[in-house]
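Subject: Structure handover

Hello,

Here is the structure I promised to pass on. Please open it alongside this note.

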Amino acid sequence: MIKLWGRVNSVNVQKVLWCCDELGLPYERIDAGLQFGRNNEPAYLAMNPNGRVPTLEDGDFVLWESNSILRYLAMQYGGSGLPGAGHPASAKPGSGPGLYPAEPRLRASIDRWLDWTLSTLQPAERSVFWGLVRTPAAERDMAAIQAAADACGKLWQMLDTHLAGRAYAEGDAFSLADIVLGAYCRRYLDLDGIQRPVLPNVQKWYDGLKQRPAFQRHIAPALT
């Protein structure tokens, strides 16, 4: 069975849990990071020298970096989920629900959102999330938080333009791009205390994601 090291309130762990559920994959999750520790212990650092979460163990194969884990799971187990996952257990790997299609242009289009999230969106959103969720109210610098939220708003406006006339981030089906962007959208649209631009296309797309059972299990719970 797959082992996933990481705490459930980490967005990068949440992305992987969401993906596992979409693929119908059984897994064992082991708490690690922040209050749980473990991530700086020698045994963990031997698996992941960054000392961060998540880390994936699949038999004797170990992988870190959340988006790389998503790609691996989709390629390795895309068609081998459990009954009821929306694709037969006998399907060949990669032929399942289309989370990471092999067609080069579509895959590259999905990849750009995964890369953009890490390089651009996550750094911009981090100070907003930490300021509103993990900083005591008396210690919050609301002017700085709103300034960071304004910068994030411009990024989400880019996606809003892209989503015009689309049900999903890329192609005609739900993909890894929706998982990654949707996990961060939860940490932007659902925060109280900040002003945001009107994002009709993002809101419609996000409302659709919220109906997915895996979103409700792993992304919807209270932010901490």
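Below are the notes on its aromatic rings and on one set of strands.

First, the ground rules. This is a predicted model, in which local features need pLDDT of at least 70, side-chain atom pairs count only at pLDDT 80 or more, and totals for chains, interfaces and linings use all residues. Residues are numbered from 1 along each chain as its sequence is written, and side-chain values use heavy atoms, with hydrogens and water left out.

Aromatic rings

The structure holds eight aromatic pairs. Rings of Phe, Tyr and Trp (its six-membered ring) pair if their centres lie within 6.5 Å; planes under 30 degrees apart count as stacked, over 60 as edge-to-face and the rest as tilted.

Take Tyr72 and Tyr77. Their ring centres are 6.4 Å apart and the planes stand at 85 degrees, so this pair is edge-to-face. Tyr72 is buried at 16% relative accessible area, and Tyr77 is buried at 18%. Buried here means under 20% relative accessible area, exposed means over 50%, and partly exposed is in between (1.4 Å probe, protein chains only).

Tyr206 and Phe215 are also edge-to-face, because their planes are at 75 degrees, with ring centres 5.7 Å apart. Tyr206 is buried, at 1% relative accessibility. Phe215 is buried too, at 2%.

Arginines over rings

A charge sits over a ring if NZ of Lys or CZ of Arg is within 6 Å of the ring centre and within 35 degrees of the ring normal. Arg212 lies over the face of Phe174, 3.7 Å from the ring centre. Arg107 lies over the face of Tyr100, at 3.9 Å from the ring centre.

Helices (H or I, at least four residues) and strands (E, at least two) are DSSP runs, numbered from the N terminus. Two strands pair if DSSP finds at least two bridges between them.

Strand β3 covers residues 55-58.

Strand β1 (residues 2-5) runs antiparallel to β3, with three bridges. Leu4 stands opposite Leu56. Strand β4 (residues 61-64) also pairs with β3 in the antiparallel sense, over four bridges. There, Asp58 has Phe61 as its bridge partner. β3 and β4 form a hairpin with two residues between them. Gly59, in the turn, has a positive phi of about 65 degrees.

Best wishes
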